Amino acid sequence: MTKILIVNPNTTASMTETIGAAARAVASPDTEISAVTSSMGPVSIEGYYDEAFAVPGLIQALMNAPDADAAIVACFDDTGLDAARSAARFPVVGICEAALVTAGQIAKRIAVVTTLPRSVVPLEELVRRYGFAERVLVTACDVAVLDLDKPGSGAEAKLEAEISRALEKGAEAIVLGCAGMADLAQKLSLKFDVPVVDGVAAAVKQAEALAGLKLMTSRRGSYASPGAKNYTGILQPFAPKPSG
């Protein structure tokens, strides 16, 4: 049995349920999915400020699951991904990186459709970091994250309208730029007759592959375990301990 931990780094449990269901729908029969909600931080992650305060809860959740074979950070900002890889003893996959890698294997021109306009620049920076800047357009449907599962919000119609505009601009595949959209991928793919990639599902398959190949995060250089030192104030519990 492969154990995959999925951490929703915001504190909205209903979103964790959506994420967990999307993950289990694509997971192999011998994969156990554990989806958990951060115990501290913002109710949604919309911009740099929210992201900064979501990282401690993410790290805490990873530390509370020592028996996992791999983990997934279920926020499209890949919130705290580098810190998570440095801290966790198992491989950690970000859903933005996983979605871009997956979409890049089935299309040349990709559109990432995210939630609010303020999220466009952070995601453009991630796209550039992952080497997809020449192939990816990042656009927003102007929907708040928490409106995605709110009846009567009109969120789905706005998302569909933005996908239509992206396809008119030449996109050949769509990447859903928020974990809260995870349950819409198949429906949208059928509606628009193009591949629609959900980062949660893509990350599950990549996490399964890493666990199956028995690959671990390199501790040489960039992701070396943090050195032991004291942290003060409310962050004292996160102080790195001596190895061994």
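Buried means under 20% relative accessible area, exposed over 50%, partly exposed in between, with a 1.4 Å probe and protein chains only. In a regular strand, side chains alternate between the two faces of the sheet. Strands (E, at least two residues) and helices (H or I, at least four) are DSSP runs, numbered from the N terminus.

A word on the source. This is a predicted model: local features need pLDDT of at least 70, side-chain atom pairs count only at pLDDT 80 or more, and totals for chains, interfaces and linings use all residues. Residues are numbered from 1 along each chain as its sequence is written, and side-chain values use heavy atoms, leaving out hydrogens and water.

Which strands pair with strand 5? Strand 6, residues 136-140, pairs with it in the parallel sense over five bridges. There, Val113 stands opposite Thr139. Strand 7, residues 173-176, also pairs with strand 5 in the parallel sense, over four bridges. Here the bridge partner of Ala111 is Ile174. Pairing requires that DSSP finds at least two bridges between two strands.

Now the cysteines. How many disulfides are there? Zero, counting a disulfide as a pair of cysteine sulfur atoms within 2.5 Å. Cys178 is in no disulfide either; its nearest cysteine sulfur, that of Cys75, is 7.2 Å away. Cys141 counts as buried because its relative accessibility is 6%. Cys178 is buried too, at 9%.
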